[in-house]
Amino acid sequence: MRPIDKIILGDNQFFGINHMSEEKAQQLAEKFYDINNIFKVYQNAFDAGIRAIMLNSNDRAKDICNHFRNNKSKYADISWYPSVPYPHKYANLVAEKGIFPAVNEILFKDNSTMGVLGMVAKGGMAVFTKDAMAMMKMLVDVEMKMFKELDIKVVFLQNIITDLILGYGVKEVFYEYCEHIRKKYNALPGLITQNLPYLKAKLEEWDIKEVVICSSFNKIGYLMSPDVESYVQTAKKNNPADYQLMVMSTMASGAIPAKDAYDFINQQNIQSVVFGASSERNIRETVSLIKI
Amino acid sequence: MEKIKIGIIGAGRMGITHYAIINSHPDVQVESIADPSGLVTTMMNKYLPVKTFKDYNTLFSEAKPDAILVCTPPALHYPIAKKAAELGIHAFVEKPFTTKYKEASELVALYTQKGLVNQVGYVNRFNDVFVKMKELLDNNIVGEIIRFKSEMFSCTITRSDVSSGWRATHENGGGAVFEMASHAIDLVHFLIGKPDKITGSSLNHIYSKNVEDAVSATFLYKTGKSGTIYINWSDTSYRKPTNKIEIFGTGGRLLADQHSIKIFLNKPNEQYQLRQGWNTLYITSIFKSVPFYVRGNEFTRQLYHFIDCVEGKAPQNLCTFIDGANALEVIENIFKDYEQNGRI
């Protein structure tokens, strides 16, 4: 398996996401309203030696991707770690319209092609059910459009989807997703989860390997089910040739001071850290503390 | 030990989420699911070890579940829960429980008489922050409560072209009051108690034609305390659904959302090691992990609690049909108050 970058800059800070404080989230949203402020942070990260970007496929990500695509020569050695889909877009659409009309809209909103419901009406239900996997791949492809021509290393499935399907225990979806990412994007499949020990056990049981798993990992067990000790043991027993482990929420949204956070992280058998920071000082400090 | 046989009725957004969560419970087997959509059931049939049915009556007669999760549009909750009680089946029913207080009260009596486990999906009662807040209030942290404000915001309905399906009418349980304010009302009941009178209710249409998108009302109590609720599900400044609650008492003030509790105290509190003045308890110091996470700890906790109750492991249910009926009584009073006094 192609090794992933050890340090990756995440994107939560750019999109008004902060798990600890709404006020802080709002301040960040205001700060990054001007997209040039986002590009400045990326530049700071590159100056600190970071060469990898994780980015969720939300509406603003389009503009970020455009910028990097239009300046490709300047950013030749940057690797991309997109995550799909943007969950809230789906949640709201599904709440508004129901699941299938929502899928229909997402797939065919911008296309003149007949919608899924049209297909269903015409060809009967078989079209849909026979091709549930094809539909899943189409949804991934719609989200991945914005990352076209960028150097993609891993494509992650967001945790809400990963963990939902994990709850159902449907091997086919994981298998087909991973194959699709490998073949279509020539990239490693990635799964974001809040249930690392359980997901890894299931993937092993299903013999789905060479996957990047991304999960929260911090000493207080925040956003880690079932608990810290299970995560530590899972990582310890892991062979990185089968699964590369990427960790996030290492400081638990700021509840753990940076030094304490990475003293703990540096002892774990993990391959990569993704972190979000918006000041040059915090980026440099974090990079200097990560010794995995 | 034999596994508890679960039937899920309604495979919309909540049915699908609950399935994944409860399926992770080691004592449970999701055996059956009913939904009128052929698309959903055919798909589930293909990939999951579950029997699918087009209607709940067939599910009851053929699958014989021990317990059900009712996740249909709200107007169907009453006939489904009633039938389940007659068959001796325990029931978890999504909020807003039913669309009429009268039907809700009938179900309360029926389940009490039959001694069946009954729970309503007011998930905030299982949220780490609000559970902590309840504990603080029970320990008199801000003294006697005088005023409160319970608010909820989201960007769920942001276009006018979508008034279709059950969400378009009150009769079917649609609108911001049934769907969203019910949470804010229940949160008030959970933390402060049920009001004795509703006044000053107003409903606003923003995008929806037949139902409201925003609602506010004032709650009055015989003891003299009072508070307001304000809910708006067409507010695009919120990236995701947000609950906010503020409580003012003789000893200070509490402000909470899903992330934290801010506490201002007139005097230090030794029991909780809180200072005079401002203190903040962040979610990161309050949370308790769950065995399996899909959509927030509270969603797992509420369903695992339901199973605990079915297995007789919990002393009492933490969100019963009575709580569901109480919220509906307040909802009906808000509609009544608005009809009588809300128009100029």
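**Chain B**

A: Chain B has 10 helices and 14 strands (DSSP runs, H or I of at least four residues for helices and E of at least two for strands, numbered from the N terminus). This is a predicted model, in which local features need pLDDT of at least 70 and side-chain atom pairs pLDDT 80 or more, while totals for chains, interfaces and linings use all residues. Residues are numbered from 1 along each chain as written, with chains lettered from A and ligands numbered from 1 in the order written.

The C-alpha trace of chain B spans about 60 × 50 × 40 Å along its principal axes. Of its 344 residues, 50% are buried (20 or more other C-beta atoms within 10 Å of their own). Contacts (C-beta atoms, placed from the backbone, within 7 Å) between residues at least 6 apart in sequence join residues at least 24 apart in 69% of cases.

Inside chain B, helix H5 (residues 101-114) packs against helix H10 (residues 321-341) at about 165°, the axes being 9 Å apart. H5(B) is therefore roughly antiparallel to H10(B) (an angle over 145 degrees). Among the residues that meet are B:Leu107 and B:Tyr111 of H5(B) and B:Phe321 and B:Leu328 of H10(B). This contact comprises 9 nonpolar, 2 polar and 2 charged residues (Asp, Glu, Lys and Arg are charged; Ala, Val, Leu, Ile, Met, Phe, Trp, Tyr, Cys and Pro nonpolar; the others polar).

Towards the partner, 36 residues of chain B contact 39 residues of chain A. Helices H1 (13-22), H2 (38-47) and H8 (283-286) of chain B each supply at least two residues to that side, and H2(B) gives the most, with 6. The side divides into 18 nonpolar, 12 polar and 6 charged residues.

Methods. Two residues are in contact if their C-beta atoms, placed from the backbone, lie within 7 Å. A residue is buried if 20 or more other C-beta atoms lie within 10 Å of its own, exposed if 12 or fewer, and partly exposed in between; C-beta atoms are placed from the backbone. Axes are lines fitted to C-alpha atoms, for helices over the stretch in contact, and angles run from 0 to 180 degrees between N-to-C directions. Angles under 35 degrees count as roughly parallel, over 145 as roughly antiparallel, 65 to 115 as roughly perpendicular and the rest as oblique.
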